[in-house]
Amino acid sequence: MYALVDCNNFFVSCERTLDPSLEGKPVVVLSNNDGCVVSRSKEAKDLGIPMAAPAFKYKELFKKHDVKCFSAKFELYNFKSQDVIRISRSYVGKKDYEVYSIDELFLDLRSFKYIDISEYCLKLKEEIKLKTNIPVSIGIAPTKTLCKIANRIVKKDPERFNGVFILDTPEKIEKALKWLNISDVWGIGRRLAVKMHDNGVYKAWDLLQKPEMWVRKIMGIHGVRMVNELKGIRQLELDAPSAKKSIAVTRSFMEMLTKKEDVRERVETFGMYCSERLRKQNTCCKMVTVFVQTNRFRKDLPEYKNAKTQILPNPTNSSILIGRVVNDLFESIFEEGFHYKKAGVIVNDFVPEDQRLISLFEEDTQNQHLPVMKAMDAMNKKYGKDKVRLGSMSGENTWGRAQISPEYEAFLKNNTLPEANFRFH
DNA sequence: TCTGGGGTCCTAGGACCC
DNA sequence: TCTGGGGTCCTAGGACCC
């Protein structure tokens with residue numbers, strides 16, 4: 001059996017650990033620029049606030065029901081996440097877990113043959129609550145996909161199941177699949193849901209009645225695996241932690257930008273952040289992509305978006321070298337006369353810092369830059385983010401964040417924040 | 001007026017090779 | 001003049017996830 005430990009309304013629950021008076025009240029956490037809702041308390045969900053709701057459309061509702069709104073505090077969430085992971089890990093063998101996202105991890109319970117795993121998970125849930133004040137739900141099942149469903153069942157009726165549900169017998173599984181909408185199956189997104197409905201598949205159970213050829217054709221190899229997982233035949237193992245394959249820094253701007261230099265400065269800053277993250281994991285990249293785009297929601301303004309990728313002659317993680325490439329790419333895609341709303345830099349195709357293959361024909365200055373870069377990183381680690389930076393970077397934080405509460409300030413002061421280390425899917 | 005950010009994987013199609 | 005078949009590798013785009 002596997003177990004999926006999933007934090008309830010994670011970001012909101014983190015906010016409540018700083019301010020317990022938020023308990024029982026409607027609370028939401030907003031994305032960058034306070035743009036849209038990314039986490040909702042149960043009370044907020046009950047008010048009909050959907051996931052990813054644009055905040056401005058719900059201003060009135062927030063006011064009317066006194067919904068508490070917070071800007072996202074990722075340092076805090078990463079910190080709490082590490083706490084939850086540490087406790088959960090201690091319940092299983094050394095490698096018998098997979099951190100799936102900031103608020104979820106899978107545990108492998110296959111070695112527990114003679115104990116009541118429901119009881120065991122209940123104990124885990126209570127220890128997490130006691131030590132971190134984060135409420136979690138735990139779904140137990142023979143496959144990862146069924147764990148997701150077990151978890152959904154818990155969340156539907158937390159009191160009844162006391163936070164833990166085990167989906168083990170064929171009878172229980174059948175009942176669950178006949179209850180679960182196909183669009184709520186792990187791996188069925190918006191597009192596939194439409195295709196499913198077009199073909200008369202409304203419940204997870206309906207998918208199992210389709211011939212394998214059909215599934216293969218409509219959903220690809222992914223679908224065949226999904227069907228087996230739903231039947232309780234394990235197709236997905238726990239993944240070992242692995243290095244990132246790409247790093248992206250992208251932002252929407254508070255205000256639309258029209259001046260070339262304003263956009264350039266931000267894009268260059270994104271390039272530096274990418275470089276820093278590369279150095280943190282001791283890798284160099286071989287590819288850099290830059291994109292810019294206007295506000296896609298403003299149909300009254302001319303739309304423009306463009307992206308361009310450059311393959312580097314020599315792998316690098318130098319802010320200076322990546323900065324130059326970013327600038328060249330930016331020059332080739334920027335067009336005057338548009339209102340820019342969003343931009344980003346993405347780096348990928350990584351090699352370890354010490355295993356770079358160097359082109360015979362291109363000058364390679366990476367090794368001259370590296371000591372300076374590492375010194376810069378060390379100082380920034382010691383004295384704070386962006387205390388030392390390149391001339392092309394802006395000195396200001398160019399995206400918005402609401403006022404930092406006294407509780408959060410205290411938190412930042414008292415905690416050395418661990419490096420985030422998640423695999424994203 | 002105001003609409004997030006950061007990931008992974010799969011597939012189809014083109015370029016190129018023998 | 002006519003013409004085949006089978007690979008591999010790379011990339012862009014789509015779909016999904018939290």
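Contact here means heavy atoms within 4.5 Å. The model is a predicted one, in which local features need pLDDT of at least 70, side-chain atom pairs count only at pLDDT 80 or more, and totals for chains, interfaces and linings use all residues. Residues are numbered from 1 along each chain as its sequence is written, chains are lettered from A and ligands numbered from 1 in the order in which they are written, and side-chain values use heavy atoms, with hydrogens and water left out.

Start with two helix pairs. Two packed helices are described by the angle between their axes and the distance between the axes. Helices (H or I, at least four residues) and strands (E, at least two) are DSSP runs, numbered from the N terminus. Axes are lines fitted to C-alpha atoms, for helices over the stretch in contact, and angles run from 0 to 180 degrees between N-to-C directions.

Helix α13 spans residues 260-280, and helix α14 spans residues 319-333. Their axes cross at roughly 145° and come within 9 Å. The crossing is right-handed (the near helix is turned clockwise from the far one by less than a right angle). On the α13 side, the contact residues include Val 263, Val 267, Gly 271, Met 272 and Leu 278. Among their partners in α14 are Ile 322, Gly 323, Val 326 and Phe 330. By class, this contact has seven nonpolar, five polar and five charged residues. Ala, Val, Leu, Ile, Met, Phe, Trp, Tyr, Cys and Pro count as nonpolar, Asp, Glu, Lys and Arg as charged, and the others, Gly among them, as polar.

Now turn to α6 (residues 144-156) and α8 (residues 170-179). Their axes lie 11 Å apart, at an angle of about 75°. The two helices are therefore roughly perpendicular (65 to 115 degrees). Leu 146, Ile 149, Arg 152, Ile 153 and Lys 156 in α6 meet Ile 173, Ala 176, Leu 177 and Trp 179 in α8. Seven of these residues are nonpolar, none polar and two charged.

A pocket is an open set of points on a 1 Å grid over the protein atoms alone, where a 1.4 Å probe fits, with protein on both sides within 12 Å along at least five of seven lines; lining residues have an atom within 4 Å of a point. The lining has 29 residues, and Asp 6, Arg 40, Lys 45, Arg 152 and Lys 155 lie nearest the centre. It divides into 12 nonpolar, six polar and 11 charged residues.

Conventions: Parallel < 35°, antiparallel > 145°, perpendicular 65-115°, else oblique.
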